[in-house]
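Reader: I would like to go through the terms used for this model and see what stands behind each one.

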Amino acid sequence: MAQRPRYADLPDGSAWDVLDPKLGSLELLTPERVAAAAKLVTAGKRFSLDLPLTLPSPPFFGREPFEHTIFSLGMANVFDDKLDNFFPQGSTQWDGFGHFGHPDKGFFGGRAGADVEAKTLGIEAWAAVGIAGRGVLLDVARHADIPGNEEFAITREMLTATAATQGVELREGDILCVRTGWVAWYKALDVAGREAVAAASRGQGFEKFHTPGVGPGPAIAEFLWDHGVAAIAVDNPAVEALGPGGLGAPGDSVHTRVLAMLGIPLGEFFDLDALAEDCANDGVYEFLFTSAPLGIPGGLGSPPNALAIK
Ligand code: UVW
């Protein structure tokens, strides 16, 4: 792999000319790095990082719940199940490259909306090779008082301070997991509270839907690129902070700067709570991270089927 430029040297913050057009920054997950990450498994402890597919309930951003039917295959002792109205981005998810583009420059690699609709920028490319490597958890929520339902930006300085407190370093090719505490906050809501927050997420401009997340976009993009992060997964709805000012100026959001321009997949609604508890107990914040997205041809997102293994 050629020497990567620094973020400051990328033209307009675009890495399109230096990355694989289908894998983007996932190209950093080389066989050597995956093999080294596998050596981090010493205790055999496994943590699923996906919420149940039925959470959040109701789903956010106008997505809808799926219907699950169990039916007989014609023999009394054989059943199958069927999911209708399934939204692959309704629960824990990877945002694929076709999900979110730059308002002027287009989607990752300079593709247009028509290319996305023609299914030429699909997540099946990630599914074909899988996502695996060294995972690092930065449990910011454990070290800072982060409100569950307010716009709150976790800055790169907070990420750096958390890494130092935990005694862990980021290395090129890492899959960075950031815990904001939002999923834990959400899980504690009752039915009415969950309905209210889902309704707020459907509003225009996020006036009433406020969440913590990483930001602001340009500084986080520089942090992730210069550390060589292959993918970022966060326990919140959109990786970045949302609120009236959440997405920032057009083209400056984390979605645009990181997903569209740097080809770094965004993981949302990750459940990092059990993993975080274990990391706090043993003081080990690195692990083998694996994820097998669904091979939906032309798909724009997928449940990650993610595991952390220590
Ligand atoms: C939106 O950007 C609305 O969706 P997501 O947070 O799933 O990327």
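Reader: What percentage of the 310 residues in the protein chain is made up of buried residues?

Author: Buried residues make up 50% of the 310. Buried means under 20% relative accessible area, exposed means over 50%, and partly exposed lies in between, with a 1.4 Å probe and protein chains only. The model is predicted: local features need pLDDT of at least 70, side-chain atom pairs count only at pLDDT 80 or more, and totals for chains, interfaces and linings use all residues. Residues are numbered from 1 along each chain as its sequence is written, and side-chain values use heavy atoms, with hydrogens and water left out.

Reader: Why does cysteine 177 count as buried?

Author: Cysteine 177 has 0% relative accessibility, so it counts as buried. Cysteine 279 is also at 0% and therefore counts as buried.

Reader: Why does the radius of gyration of the protein chain agree with that of a compact globule?

Author: The radius is taken over C-alpha atoms, and the globule rule is 2.2 Å times the number of residues to the power 0.38. For 310 residues a compact globule would have a value near 19 Å; the protein chain has 19 Å, so the two agree. The C-alpha trace spans about 60 × 50 × 40 Å along its principal axes.
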